[in-house]
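Please look over the sequence and the three-dimensional model before reading on. The paragraphs that follow lead through the structure step by step.

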Amino acid sequence: MYSILLKDPRVLFLLGANFFSGIGAGVTSVGVVWLILEKENGEQILGVTTLAITLIMFFINPYVGVIVDRFSRKNLYIFNQLLCFCIILPIGLFGLYSNSFQLWQLIIMVFSGSLYWTLHFPTLL
């Protein structure tokens, strides 16, 4: 059965897209945390940011489950990909152009990454 799936170009495209998306998300997650730690009082800022995001996700998760059950998982998955792309791309381009990131931009990137993973896995199941 697996050999039949691997011959389908759509499956290969999906696997490739997920592979590169996962690498991008992982590199972004590590890089953003690293940049926050490089800021003054970065350890405290990262700790408070992580705590705040964890609490927010704790309260959002039940609603995410309801949304995933009510709407098309495929459309939610695509929406999730596009939403995070639209958030991270402008911030990344700004950082590339200005050669620096503001703290609020890094926090938004961490939050969008957490939101990405909160929606990512339920849409795949």
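Predicted model: local features only at pLDDT ≥ 70, side-chain atom pairs only at ≥ 80, totals over all residues.

The chain contains five helices and zero strands, and if you follow the chain from the N terminus on, its elements run α-α-α-α-α. Along its principal axes, the C-alpha trace spans about 55 × 35 × 20 Å. The chain has 125 residues, and 25% of them count as buried, a term that stands for a relative accessible area under 20%.

We turn next to the empty spaces. Rolling a probe the size of a water molecule over the atoms shows where empty space is left. The largest pocket has a volume of about 470 Å³, and its lining is made up of 22 residues, among which G24, A25, T28, C84 and I88 lie nearest the centre of the pocket. Which elements give two or more residues to this lining? They are helix 2, which covers residues 9–38, helix 4, which covers 73–98, and helix 5, which covers 103–124. Helix 2 gives the most to the lining of the largest pocket, with eight residues. When the lining residues of the largest pocket are sorted by class, 13 are nonpolar and nine are polar, while no charged residue is found there.

The second largest pocket has a volume of about 170 Å³. The residues that line this second pocket are R10, F13, L14, A17, N18, S21, Y77 and Q81. Helix 2 and helix 4 each supply at least two residues of the lining, and the largest share, six residues, comes from helix 2. Sorted by class, the lining of the second largest pocket has four nonpolar residues, three polar residues and one charged residue. Under the convention given above, Arg counts as charged, so R10 is the charged residue in the list of lining residues.

Y63 is found in helix 3, and Y63 counts as exposed because its relative accessible area is 60%, where exposed means over 50%.

A second pair gives another view of sequence and space. G31 and S114 are 83 residues apart in sequence and 14 Å apart in space, again taken from C-alpha to C-alpha. G31 has its place in helix 2, and because its relative accessibility is 28%, G31 counts as partly exposed.

Now consider the contacts between charged side chains. How many salt bridges does a search of the whole structure find? The search finds one, and in it the side chains of D69 and R73 meet at 3.6 Å, taken from N to O. The two partners fall into separate classes of exposure, because D69, at 61% relative accessibility, counts as exposed, whereas R73, at 32%, counts as partly exposed.

Finally, the backbone deserves a careful look. Most residues other than glycine have a negative phi. Against that background, N41 has a positive phi of about 60° although it is not a glycine. N41 lies in the loop between helix 2 and helix 3, the latter covering residues 42–70, and N41 counts as partly exposed because its relative accessibility is 47%. N99 likewise has a positive phi, near 65°, in a residue other than glycine. The place of N99 is in the loop between helix 4 and helix 5, and at 71% relative accessibility N99 counts as exposed.

Technical notes: Residues numbered from 1 in each chain as written. Heavy atoms only, no water. 1 Å grid on protein atoms, 1.4 Å probe; cavity = no way out; pocket = protein on both sides within 12 Å on 5 of 7 lines; lining within 4 Å. Points joined across faces, edges and corners; volume = space filled by probe spheres on them. Helix = DSSP H or I, 4+ residues; strand = E, 2+ residues; numbered from the N terminus. Buried < 20%, exposed > 50% of the residue type's maximum accessible area, 1.4 Å probe, protein only. Salt bridge = Lys/Arg side-chain N within 4 Å of Asp/Glu carboxyl O.
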